[in-house]
Amino acid sequence: MKESLGTTGLLVNEPLLWEKGKKGRCGFSLPRRDVEPCFLDQELTGEGPDFPDLSEVDVVRHYTRLAQWNFGVDTGMYPLGSCTMKYSPKTNEKQASLPGFTGAHPLLPSSLSQGALKMLFEFEQYLNEITGMHATTLQPAAGAHGELTGMLIIHAFHKKQGSKRSKIIVPDTAHGTNPASISLCGFRPVPVTSNEQGILSVESIAEIMDPDTAGIMVTNPNTLGLFEENIQNIAEIVHAKGGLVYCDGANMNAVMGMVKMGDIGIDVMQLNLHKTFSTPHGGGGPGSGPVSVAKHLEPFLPVPRVVEENGAYILAQDYPDSIGKISAFHGAFGVVIKAYSYIRRMGPENLKKASQLAVLNANYIKEMLKGTLHLPYDRPCMHECVFSDKHQAVQKVATLDMAKRLMDYGFHPPTVYFPLVVPGAIMVEPTETESKEDIDQFIAAFKAIANEARENPDLLHDAPKSCKVKRLDEVTAARKPCLAG
Amino acid sequence: MIYLPHTHEDIFSMLQVLGVDNLDDLFSTVPEDCRFNGHLNLPEALSEWELNDHMSTLSHTMAVSPEYKVFLGAGSYEHFIPASVSYLLGRSEFVTSYTPYQPEMSQGTLQAIYEYQTLAARLLGMEVATASHYDGATALAEALLMAVRITKRKKIAISSLIHPLYRRVVQTYFNPTGYEVVELPYLNTGATDATGLDEMDDLAAVAIQSPNFFGCIENLQALGQKTHDTKALFVVSFTEALAYGLLKNPGSQGADIVGGEGQSLGIPRSFGGPALGMLASGKKHMRSLPGRLVGKTKDLDGKTGFVLTLATREQHIRREKATSNICTNNSLCALAAAMYMASVGGTGIRKLARLNYDKAEYLKKELKKAGFAIPFDRPTFNEFVVEFPSGFEATHKHLLEKNIIAGLCLAPFYPELANHYLLCVTETRSKNDMDALVREVKS
């Protein structure tokens with residue numbers, strides 16, 4: 001094995017913001033006062049917030065030090081399953097920070113915001129093409145927000161048909177947010193288990209699909225990294241009973257240019273721009289979760305919609321069946337710019353290639369690690385593969401221990417203990433932007449850790465050793481919450 | 001393609017390991033009839049330099065400062081953002097990390113969000129603030145759903161002076177639930193008319209925005225009192241967070257839950273998003289809060305550290321019983337706000353907020369002098385309503401050609417307010433800009 005990436009380095013301690021600074025300092029250049037102070041009723045004023053006073057240098061050092069305690073995709077491989085932590089191209093950031101975009105007020109007249117509207121319009125067309133769907137809204141601000149939007153659309157569709165339905169089918173391999181998105185719309189999630197191959201069987205859906213079921217919410221590829229092979233037959237069954245098929249498209253990175261969801265019976269789906277389309281995750285957002293729909297659901301999309309009229313773009317409001325608004329303005333426009341830039345830089349061939357290489361990388365890892373780690377579903381995977389800690393359990397080493405030990409080797413751990421269908425799951429999604437050398441090093445690290453599990457399991461139990469902190473007491477954190485200083 | 005590192009040799013050797021001949025064969029589990037065998041109809045790839053040209057062309061069509069003098073607020077505000085904030089926010093360790101599920105490797109994000117929660121709670125006068133939400137509208141909707149969960153009542157009353165687009169989002173969230181949403185009318189002073197509350201029972205929450213959509217500062221204390229008399233929770237919303245640098249904060253006025261927009265705190269307008277939904281409550285309701293929370297704890301050696309906490313409320317633990325479906329929040333926007341609040345500081349934010357107030361008062365006074373009516377007499381912060389003579393629409397249009405955007409026409413949102421415009425002035429508008437505006441609307 002090459003020299004391990006993991007090492008220790010000088011990290012500088014840094015107190016909390018309010019433990020620094022001195023009254024009277026300021027890190028903000030106050031604008032010149034060119035008007036006189038006016039009367040202000042003292043009844044209205046408070047004492048002002050108790051913020052610390054810091055100089056610009058105080059603030060810069062503070063956040064630079066904090067940044068150094070963090071690990072990002074730019075630091076190294078971050079193979080979180082179902083999160084698609086691919087490289088975020090720097091030109092995307094540059095485009096999103098153009099003053100014409102950052103400075104734009106969301107209520108500018110259409111005539112003075114043609115560039116933004118044109119981009120939104122074109123981007124919707126690109127997503128229509130990639131998904132094979134008919135129309136798209138960019139208003140949802142995150143994946144789960146897109147799920148909610150999709151559910152609201154399904155709700156509105158049935159209401160319009162005059163049919164009252166109370167349930168939505170959710171497979172056990174669906175994303176974690178799905179059941180909650182369903183409940184928010186007043187539907188009851190009906191769980192269904194996957195078959196021994198890790199996918200949905202036609203029979204299991206036929207058995208529970210009834211006229212009281214509004215639809216099914218499938219993650220495809222699912223969270224085991226497997227393509228739902230029976231999706232067309234399942235869609236037929238659901239459609240035959242008047243239901244709709246929702247596809248959680250968070251895993252679209254596996255099938256761009258390979259599968260068009262609109263062609264295989266999907267009625268509505270969300271995409272996660274912060275996954276498939278390379279926009280950075282920002283430590284947990286902002287994301288963007290566009291929703292694409294088939295033609296019969298277009299009338300229900302949120303308003304306003306960008307429409308082209310005689311070569312100009314306008315915001316159209318007149319859609320009486322629309323679910324309404326899901327964000328105050330146009331959604332995460334700044335995120336859309338980055339995803340738009342990505343698609344323009346990639347072009348059609350490279351998007352398809354990205355999916356192919358993502359699938360190649362995942363299968364390669366699966367093949368290389370399957371002796372080392374237990375592989376519950378030994379069949380070709382899509383963009384991610386799911387192992388478990390079954391082999392290591394004998395040494396009393398759990399998934400969490402291996403995950404923490406990976407940090408000492410300089411890798412961010414994969415997603416752990418998800419999906420729930422695999423006990424002790426280790427879900428690895430390398431993405432296409434990891435090179436073979438980096439993947440080989442990750443594989444070597446995991447093998448070394450498996451050896452350590454046999455020979456010196458305490459190394460794993462005590463891990464991580466080279467991070468800013470050791471394992472943290474999460475139980476006390478939840479029992480006696482301290483959420484503000 | 002520079003984002004794809006695989007050489008032909010890499011691909012070949014990896015395929016060999018898999019015993020597969022070519023990349024397409026990796027998709028053997030995708031049934032033939034599910035495959036798309038055509039070519040995606042998308043524009044051909046651009047080089048980085050071609051993309052620069054293309055995006056530059058698009059961005060130049062947008063009406064922005066300094067070429068345009070924009071007097072628009074209405075939920076999106078132009079404020080100066082220090083270079084240090086933008087610079088620090090670009091640190092890739094913050095930008096390219098995920099939600100901090102592995103705390104040992106994410107202490108930077110976690111401490112920063114804990115600090116954000118603290119500063120946000122102090123700004124709003126509340127005990128607990130969440131790690132962020134999508135925007136002010138969704139934060140308000142979540143606040144109201146939270147009130148329904150806490151009180152187990154099924155009706156909410158919402159002021160008609162809450163941002164009209166926020167009200168539409170609330171309506172969208174509430175539509176499928178069967179909970180009732182009633183709107184409270186407004187008085188001719190520009191404040192919410194809460195007299196109807198006396199006759200309403202079974203209310204889960206009363207929602208008031210202050211400063212409200214007309215820019216007017218509501219009497220939160222009195223409204224809170226009235227709300228509590230009905231046993232409902234008092235939910236306060238806001239679109240201009242900077243106002244609380246000067247005005248009494250919602251917590252001190254009896255707010256039970258606060259949900260609003262933090263874009264003013266160092267986040268560019270960016271055509272409305274990404275934004276910063278701020279949500280806060282008292283400790284009493286902490287476990288009913290939707291969204292992420294960061295808590296302080298200790299590591300094995302007793303060293304202070306931070307973790308995501310109270311996760312049992314969240315969807316990935318008790319899937320069907322989650323308090324909300326929030327997964328991603330707007331962490332980087334919260335980080336921007338924390339950096340901004342730290343930079344401006346306690347002394348600075350007060351001065352800055354006061355400057356906003358004084359500038360808006362100046363423009364108000366000058367417009368009055370010029371003979372225009374200020375229809376609502378409640379005090380305002382940095383935006384206010386002006387009634388222009390009928391036919392002002394043409395003037396407004398004409399001013400666009402002179403690169404002045406003379407406020408937002410209210411008629412589409414409030415049909416009874418023909419010729420009423422909402423004007424906003426922040427620290428970014430100079431006296432000269434304002435004088436020029438007054439000159440132009442007069443002529």
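## Two domains in chain B

Chain B splits into domain 1 (69-80 + 345-442) and domain 2 (83-340), with bounds that come from an automatic or database domain assignment. The structure is a predicted model, in which local features need pLDDT of at least 70, side-chain atom pairs count only at pLDDT 80 or more, and totals for chains, interfaces and linings use all residues. Residues are numbered from 1 along each chain as its sequence is written, chains are lettered from A and ligands numbered from 1 in the order in which they are written, and side-chain values use heavy atoms, with hydrogens and water left out.

On confidence, pLDDT is the predictor's own score for each residue, from 0 to 100. Chain B has a mean pLDDT of 95, with 97% of its residues at 70 or more. For the complex, the predictor gives an ipTM of 0.97 and a pTM of 0.97.

## How the chain B domains meet

The C-alpha centres of domain 1 of chain B and domain 2 of chain B are 27 Å apart. Their contact (heavy atoms within 4.5 Å) takes 32 residues from domain 1 of chain B and 33 residues from domain 2 of chain B. Together these two domains of chain B bury about 2700 Å², 62% of it on carbon and sulfur atoms; buried area is the accessible area (1.4 Å probe) that two parts lose on being put together, summed over both.

The rule finds one salt bridge between domain 1 of chain B and domain 2 of chain B, where a salt bridge is a side-chain nitrogen of Lys or Arg within 4 Å of a carboxyl oxygen of Asp or Glu. E78(B) and R269(B) form a salt bridge, with their closest N and O atoms 3.9 Å apart. There are also 14 residue pairs in polar contact between the two domains of chain B, both residues at pLDDT 80 or more. A polar contact is a pair of N or O atoms within 3.5 Å; within protein, one must be able to donate a hydrogen and the other to accept it, and residues adjacent in sequence count only if both atoms are side-chain atoms.

## Domains 1 and 3 of chain A

Chain A is assigned domain 1 (1-69), domain 2 (92-344) and domain 3 (354-475). Between domain 1 of chain A and domain 3 of chain A, the C-alpha centres lie 38 Å apart. Here 11 residues of domain 1 of chain A are in contact with 10 residues of domain 3 of chain A, and the pair buries about 860 Å², 66% of it on carbon and sulfur atoms.

This interface of chain A has zero salt bridges, while three residue pairs are in polar contact, both at pLDDT 80 or more.

## Where chain A meets chain B

Between the chains, 203 residues of chain A are in contact with 175 residues of chain B. They bury about 16700 Å², of which carbon and sulfur atoms give 66%. On the chain A side, F51(A), R345(A) and L483(A) lose the most area to chain B, together 5% of what that side buries.

Five salt bridges are found across the interface of chain A and chain B. D301(B) and K470(A) join their side chains in a salt bridge at 3.3 Å, N to O. The interface of chain A and chain B also holds 78 residue pairs in polar contact, both at pLDDT 80 or more.
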